[in-house]
Amino acid sequence: MKNVFGLLFIAATLFLTACTSGAANQQEEDRKELNLLFNFAARSLDPNVDSSYVPLRAGITETLVHLNDDSLTLEPWLAESWHSDNGQDWKIQLREGVTFQNGNPMDAEAVKASLERAMKDNVAIENALRIESMEADGQLLKVKTTMPFPEFPSELVHPNTSIIDITETDYINRPIGTGPFAVESFTPGTAVDLVRYDGYWDGAAKLEAARFSFNEDANARSLALESGDADISFRPEVESLENLESVPGLKVESTSTFRVHQMTMNLQRESMKDINVRKAVDALINRDLIADTILKGHAEVAEGPFPSTFSFAPDYPEKQTGPEAAKKLLAQAGYEEKDGVMQKDGEPLVWTMLTYSARADLPLIAQVFQSDAKQLGITVDIQQIEVPEEYMAANRDWDLTTYSNLTAPRGDAGYYLNATYHPQGALNFSGAADDQLTALIDELNLTVGEEARSVIAEKIALYVDDNVYNSFILHPNTLVAYNADKVENWVTTRSEYYMLTNTLDVK
């Protein structure tokens with residue numbers, strides 16, 4: 001009899017377990033979530049330091065100021081308003097009722113502490129913000145900059161100025177922001193799993209959960225979308241677009257951006273100190289071929305750093321292009337081709353070129369350039385790196401880098417020109433230190449008004465072009481493919497900053 005009861009107990013337990021498991025699985029299936037597959041592998045979620053900007057893109061953190069991608073104007077976000085009578089003393093009124101994902105209030109004291117932490121740990125942000133002092137009073141933050149700085153609010157759009165609760169110190173794995181999604185878990189280089197923050201100030205997200213995953217292989221990102229392992233693929237392989245568009249339910253968007261693919265030149269290397277060598281590099285870049293064959297037309301050939309649609313993109317003088325033009329320019333620099341080798345004083349011309357696979361078109365651009373340079377007897381050694389910003393900042397053993405940069409993510413030229421050509425610029429990997437150029441940038445920083453700023457920005461862009469401080473290859477479109485049968489309210493932004501939002505949904 002005991003055996004009968006025992007068997008009945010086991011059977012009931014198994015039945016209940018099966019019911020519970022089935023209910024759990026059904027609940028999991030019914031949960032509103034999606035997987036976005038990104039092209040950079042983040043190994044840290046520190047929002048004030050990491051250059052992948054995943055915390056902002058994944059909806060974990062927010063900045064004080066927001067960029068409207070359509071009008072290219074600044075909008076309130078965590079800051080409700082900002083004002084200065086003299087461009088140096090600023091009053092920033094913070095939004096009421098905002099809390100961090102741990103429930104702590106976001107007030108002026110918390111924002112002050114967050115910005116102080118960002119400036120302490122990120123020299124680039126310290127240089128960009130130029131803050132001399134801050135005072136906190138309830139929801140009012142008073143900021144004094146080191147000099148009159150009319151464009152100060154636009155710097156508060158930068159993802160590295162994201163506001164976090166610094167009392168929660170695991171910045172790398174679990175930053176506590178104010179966004180619609182909180183970190184559930186983080187596997188460096190693989191993915192960050194997110195859950196909805198129900199206390200979000202702008203209304204709880206429509207999604208209950210999301211995964212922001214990483215894969216630097218463009219072909220793998222395309223295949224993941226086709227197989228259903230990803231719902232949104234950021235920058236799928238260009239060659240796969242036609243195939244993706246043929247799959248029922250999948251949608252491909254190609255959107256113009258503020259980005260430029262450029263040839264960054266190390267001005268501290270001996271050959272690159274000669275302007276004729278830099279002009280030769282520029283002449284060797286076959287922009288039309290690259291745009292047509294590598295980007296399949298999803299790009300605009302670049303004459304300078306800014307897309308032609310911007311008011312501060314000047315009309316550039318015609319340049320010498322092609323191998324023969326490059327050969328003549330190298331001759332002016334003292335080089336000649338002997339026995340198939342371009343050389344000077346018996347030393348062959350050899351360039352070390354850096355590139356990285358997270359942007360799949362950059363290594364291909366490097367290979368095209370390498371092939372064209374070889375025709376002139378120039379050896380180009382291509383070196384693959386993982387994090388270009390870190391490598392270029394820490395090493396000077398390279399000549400050229402195929403690099404991709406956002407040039408006007410705030411609809412203004414100041415960001416790129418300060419970051420790339422000012423001696424204190426965060427992205428001044430070339431090592432540009434030109435007093436006349438610096439003076440022009442400083443003048444831009446003190447200038448108010450779109451028209452007046454555009455005039456100075458044009459002067460700077462022409463000066464950079466005249467001195468060939470870097471070469472500009474093309475302005476790539478942002479390519480995003482997603483499952484339109486499932487995903488609702490996806491927006492491909494030109495700034496590439498805002499991805500997982502509280503309005504993103506699934507059907």
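## Strand β21 and S471

S471 is buried, its relative accessible area being 1%. The model is a predicted one. S471 lies in strand β21, which covers residues 471-476. Setting aside neighbours within four places in sequence, S471 is in contact with Q262, M263, M265, D282, I285 and R287.

Two of these partners fall in helices described below. D282 is a contact of S471, and helix α8 spans residues 275-284. R287 is also a contact of S471, and helix α9 spans residues 287-294. G228 is 243 residues from S471 in sequence, and the C-alpha atoms of the pair are 40 Å apart in space.

## Helix packing: α8 with α10

Two packed helices are described by the angle between their axes and the distance between the axes. For α8 and helix α10 (residues 323-332), the angle is about 170 degrees and the axes are 8 Å apart. An angle over 145 degrees counts as roughly antiparallel, and α8 is therefore roughly antiparallel to α10. On the α8 side the contact is made by N276, V277, K279, A280, A283 and L284, and on the α10 side by P323, A325, A326, L329, L330 and Q332. Sorted by class, these residues are 9 nonpolar, 2 polar and 1 charged.

## Helix packing: α9 with α11

Helix α9 packs against helix α11 (residues 361-374) at an angle of about 135 degrees, with 11 Å between the axes. The two helices are therefore oblique to each other. The crossing of α9 past α11 is right-handed.

From α9, the residues in this contact are L289, I290 and I294; from α11 they are D361, L364, I365 and V368. The class count for the contact is 6 nonpolar, no polar and 1 charged residues.

Strand β2 runs over residues 65-68 and strand β3 over residues 73-76. They pair in the antiparallel sense over 4 bridges. One of the paired positions is L67, whose bridge partner in β3 is L74.

The hairpin has 4 residues between its strands, and L72 takes a positive phi near 55 degrees.

## Strands β5, β6 and β7

Strand β7 (residues 140-145) is joined to strand β5 (residues 89-94) by 5 bridges, and the two run antiparallel. Strand β6 (residues 131-137) also runs antiparallel to β7, with 6 bridges between them. V143 of β7 links the two pairings: V143 is the bridge partner of W90, and M134 stands opposite V143.

β6 and β7 form a hairpin with 2 residues between them. In its turn, G138 has a positive phi of about 65 degrees.

## The β15-β16-β17 sheet

An open sheet is formed by 3 strands in the order β15-β16-β17, with antiparallel pairing. β15 (336-338) and β17 (347-348) stand at the edges and have a single partner strand each, so one side of each is left without a neighbour in the sheet. Strand β16 (residues 341-344) is joined to β17 by 2 bridges. K344 has E347 in β17 as its bridge partner.

Most residues other than glycine have a negative phi, and most peptide bonds are trans. E496 is not a glycine either, and its phi is positive at about 65 degrees.

E496, at a relative accessible area of 1%, is buried.

Key
Residues are numbered from 1 along each chain as its sequence is written. This is a predicted model: local features need pLDDT of at least 70, side-chain atom pairs count only at pLDDT 80 or more; totals for chains, interfaces and linings use all residues. Side-chain values use heavy atoms; hydrogens and water are left out. Axes are lines fitted to C-alpha atoms, for helices over the stretch in contact, and angles run from 0 to 180 degrees between N-to-C directions. Angles under 35 degrees count as roughly parallel, over 145 as roughly antiparallel, 65 to 115 as roughly perpendicular and the rest as oblique. A crossing is left-handed if the near helix is turned anticlockwise from the far one by less than a right angle, and right-handed if clockwise. Contact means heavy atoms within 4.5 Å. Ala, Val, Leu, Ile, Met, Phe, Trp, Tyr, Cys and Pro count as nonpolar, Asp, Glu, Lys and Arg as charged, and the others, Gly among them, as polar. Buried means under 20% relative accessible area, exposed over 50%, partly exposed in between (1.4 Å probe, protein chains only). Two strands pair if DSSP finds at least two bridges between them.
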